[in-house]
Structures are given as C-alpha cells and as structure tokens.
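Me: Please take a close look at one helix in this model and go through it step by step. Then set out the strands around it and the other sheet in the same way.

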Amino acid sequence: MSFEVISMEQLENKYPCRADFIRILYSMISNPQENFPQAIYISGHTGTGKTAIVKDFLKTPGFKTFRAVHVNCVECYSTKILYEHILEVLLASEARCDTFKEFVEILRLSNVEVGNAFVIALDNADRLRDMDNNILPSLLRLQEFTGLNICVLLISQIPLEKYHCKTGLSEIISLYTPQYTKVETLKILSGNFENNLRMVRSRINSTSCEESRQNQCAIVDQITQEFYNNYLNVFLSVFYKACRDVPELKITASKCFFTYIEPVLNGTVEITDVARLWRNIAAPLRSSLSQVYMRFDKSEKEVRCFARSQNYEGNSADNSLRKLAQTFELPFYGKYLLIAAFLASHNSAKEDKRLFVKHHGKQRKRMQSVNAKAKVAEKMSSSLGPKSFSLDRLLAIFYAILDEKVGLTCNLLSQISTLVHLKLLGFVSGENNVMDGSARLQCTVGLEFVLYIGKIVGFNVYQYLCDFA
C-alpha cells in the first residue's frame with residue numbers, strides 16, 4: 001500500500017464525530033518502532049465509518065518502514081487466496097501459499113529490515129468463521145508465530161461475542177463505533193454542501209436555456225450553509241428513524257435537494273419561505289423513504305404527481321420497480337415474511353384482530369371510527385412511513401396470511417436474517433436480542449414494491465391494509 005502523509009489533525013477534520021476513536025487507534029498504532037498489539041477488533045453497525053477510517057488511518061504514519069494491507073474477506077473467500085493476497089501486498093512479490101504454516105515461514109524468511117512493522121486489516125472479518133477452524137486463532141497469534149511486529153485489525157459488523165472460537169479472543173483489544181446521533185449525522189451531511197451545489201449547477205447547465213440558466217445560477221449563489229442545514233433538518237425529520245446509514249443518507253439527501261430548491265429556482269417560492277418549501281418537499285421525501293437502499297429513480301413527472309395527489313391507487317406501475325421486485329429471488333416463505341413485515345409496519349397493532357382474525361366478532365360503528373376512516377391522503381398510514389414492530393407480531397401476521405401450515409424452524413428464522421441483509425428489513429433496536437423477543441424491526445420497502453411481491457405469490461395486499469380494508 002502506497003502512503004501519503006496524513007496527519008491526525010487532518011484525519012479528525014475529515015471524520016469530526018470519530019475523534020475519540022481515531023485518537024485511541026493512533027495511540028496503539030502510530031510509531032512502527034514500538035511494539036504493536038497482536039490484534040484489535042473493530043465492530044459497529046454498517047455506515048458508522050469503520051472501514052473508511054481504517055483505510056485513511058493506514059496512511060497517517062508516513063514511515064518508509066511501515067507496511068500495511070487492507071483485505072476484504074468477501075473477495076478473499078478461501079485461505080489460499082487470503083494468504084497469497086496478503087503476501088503479495090506486504091512483500092511486493094508473488095508467492096504460492098497453501099497453508100498457514102507456509103504463510104508464517106514466508107513471512108519469517110522474507111528479507112525484512114529491523115524495525116519493519118506490519119498492519120493487516122481484515123474487513124468483514126466475520127467471514128473468517130466460514131473458513132478453516134484454525135485460521136482465526138492463528139491470525140490472532142501471528143505476531144507470536146513470526147516474531148515480527150505485526151498487528152491484525154479485524155473489522156466487522158457483529159460483536160466479538162458472536163464468534164464461537166474462544167481461543168485467543170481474550171487477548172484482543174475491542175473497539176466499538178456506535179451509530180451516529182442525529183446531531184452528528186447533521187454535522188456529517190452538512191459537509192456535503194459544496195458538492196451538492198456543484199451538482200445543482202451542473203444540472204442547471206445541462207437542462208436550462210441560456211437566459212434562465214443565468215438567473216438560476218444567480219439564485220444558487222445565494223444559497224448559504226444555513227439554508228442547506230435547514231433542508232437537512234427537514235430531511236432527517238423524515239429519514240432518521242428509518243435509516244441510520246450515513247452513506248445512504250448522503251446519497252438520498254443529494255437526490256432530494258434539487259427537488260427541495262426547484263420552486264426557488266422557478267421563482268414560485270422565496271428562498272426565505274421555509275414553510276412553503278417544507279410543504280413542497282414533504283410528499284417527495286415520503287416517496288423517497290420507500291426507495292432507501294434501492295438504486296432506481298422515479299421520473300420527476302411521477303414525483304410531482306405523487307406530491308399533488310398522494311393517490312397510491314391512481315399512480316401507474318413503475319417498470320424499474322417491477323423489474324427490481326422480480327430480481328429478488330426470495331424463497332416462497334421469504335416473500336410472505338416481507339409482506340407480513342410491511343403490514344406490521346403500516347398497520348396499527350389495534351387493527352390486527354379485525355384484519356387477520358376471521359371470526360373477530362362484530363365491530364360497532366362509532367362516530368370516532370367513522371371519522372378515523374375518512375382520512376386525507378397525507379394522514380394515511382401507508383404514506384406516513386414505516387413503524388417498528390416486534391418479531392412475535394411479525395410471525396403472528398405471517399401465519400395469519402399464509403394459507404398452509406408451516407412449523408417455526410431455523411430455516412424460517414434465517415429468512416428474516418436474509419431480508420435484513422438485503423436491506424428489505426432493518427433493526428430499530430435490540431439487534432443482539434432477536435431470540436428473546438425484545439428486538440424491534442422496520443420494513444424499508446414501499447407499497448408499490450410489496451404490491452409486486454404480492455402479485456408474484458397471488459396475495460392481495462390492499463385487503464389487509466387498514467387504509468384500504
């Protein structure tokens with residue numbers, strides 16, 4: 001790995017909300033002349049900056065005797081590929097290596113100058129559990145086996161306690177990167193201000209005529225950091241509960257920013273009229289909420305129609321969305337679990353008996369319930385975004401909508417994990433407490449997507465939504 005000298009101050013400025021984490025890491029791995037720890041385990045949720053910080057951190061020392069390699073264990077899926085890739089980068093030479101014993105011997109016999117130090121960063125380190133049983137404990141004692149100053153960084157989303165191998169785990173230094181708070185997320189997203197302005201100018205130059213281009217560019221020059229932060233506050237008020245993944249929030253915030261300032265560019269809304277800007281962006285933001293983690297865009301015409309009408313039944317089916325739904329080759333029960341998750345996220349728990357129990361008795365018509373059904377589109381549950389639900393409620397709805405009887409097996413529970421891995425479901429709390437029932441999840445897909453999944457299995461989703469039933 002080639003190094004460019006990056007000071008710790010520059011690194012802290014680049015990651016302002018991870019200053020404490022960077023200082024701790026810097027105190028342990030900064031001077032190649034000192035003995036490194038044998039292993040450091042870095043864990044945390046996706047999107048908390050673990051990998052990005054480590055990659056930049058490995059450029060900080062700037063010492064010629066410092067060698068480092070970053071390995072993604074998803075790509076190096078076998079021990080042979082893993083060993084050979086590490087040796088190729090660290091020693092700058094290709095070497096055939098089939099076993100850990102050969103790996104250690106090549107490192108020991110290499111022409112390493114005195115004072116050389118090594119750092120091996122293994123991203124997605126939980127994949128090591130799928131390899132040979134001895135690889136994890138062996139890597140943790142690599143410094144002892146080789147007699148070299150080597151530190152192994154293990155980066156993973158799962159906590160250390162999830163590893164079944166206990167040998168050597170007590171000697172690991174564990175570091176945790178917590179999820180960003182709302183204030184920290186706002187601070188990080190605000191750093192993308194200049195990039196978004198450049199994106200807006202580029203879009204204006206490519207779509208507008210000469211006269212309007214000059215007027216709109218003049219308006220863009222008036223946009224301040226405070227204006228952008230006000231937009232981010234509106235954006236996070238909708239998205240923060242549903243998604244904490246900062247890279248994904250950056251992408252979505254950039255996509256929605258042009259829609260936010262479009263009335264200002266057209267001259268229909270003043271740049272200081274925050275209330276009208278909020279009314280214009282509220283519906284498109286809720287529409288984008290159903291597209292988090294999905295790389296497709298609705299046309300601007302459809303977004304405007306959504307903002308005006310908010311009529312799910314009247315909107316035409318989106319071809320890209322249909323194709324996306326069809327590309328997810330989910331198991332049969334996995335499709336029903338996703339439908340059940342959507343129903344749990346967009347129905348009130350008080351409505352479950354009426355919707356899913358066949359003989360629930362008569363429901364008395366009160367004026368209160370009549371008024372509740374006479375909802376305007378903005379107050380529909382399917383428009384307000386997903387709510388959290390428990391695993392017990394998910395399974396109860398799943399068994400209620402499934403015609404056939406199926407036992408609660410490990411295979412069925414693993415399909416819930418698959419939906420989480422595909423970002424179709426997300427944990428709101430209690431990720432480590434799934435089996436005791438205290439975990440709460442959230443469905444991240446929209447109504448249109450679930451409607452297509454329902455068509456595939458022949459299930460009428462509308463029939464079980466309290467907004468339409």
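Reply: This is a predicted model. Helix α4 covers residues 79–91. With 13 residues at 1.5 Å a residue, α4 should span 18 Å, and its end C-alpha atoms are 18 Å apart, which agrees.

The buried residues of α4 are Thr 79, Leu 82, Tyr 83, Ile 86, Leu 87, Leu 90 and Leu 91. Buried here means under 20% relative accessible area. Around the axis these residues cover an arc of only 120 degrees, which puts them on the same side of α4. Their packing partners are β2 (66–72), α5 (100–109), β3 and α6 (135–140). After the helix comes Ala 92, which has a positive phi, near 55 degrees.

One of those partners, β3, leads on to β4. Strand β3 (residues 117–123) pairs with β4 in the parallel sense, over seven bridges. Within this pairing, Ala 121 has Leu 153 of β4 as its bridge partner. Strand β1 (residues 39–44) also pairs with β4 in the parallel sense, here over five bridges. In that case Tyr 41 has Leu 154 of β4 as its bridge partner.

Strand β4 itself runs over residues 149–156, and eight of its eight residues are buried, so the strand is largely enclosed by the rest of the structure. Its side chains can be sorted by direction: Asn 149, Cys 151, Leu 153 and Ile 155 point one way, while Ile 150, Val 152, Leu 154 and Ser 156 point the other way. Both sets are buried.

Ser 429 has Arg 440 in β8 as its bridge partner.

Terms used: Residues numbered from 1 in each chain as written. Predicted model: local features only at pLDDT ≥ 70, side-chain atom pairs only at ≥ 80, totals over all residues. Heavy atoms only, no water. Pairing = 2+ DSSP bridges. Helix = DSSP H or I, 4+ residues; strand = E, 2+ residues; numbered from the N terminus. Buried < 20%, exposed > 50% of the residue type's maximum accessible area, 1.4 Å probe, protein only. Expected span 1.5 Å × (residues − 1). Arc of directions from axis to C-beta. Contact = heavy atoms within 4.5 Å.
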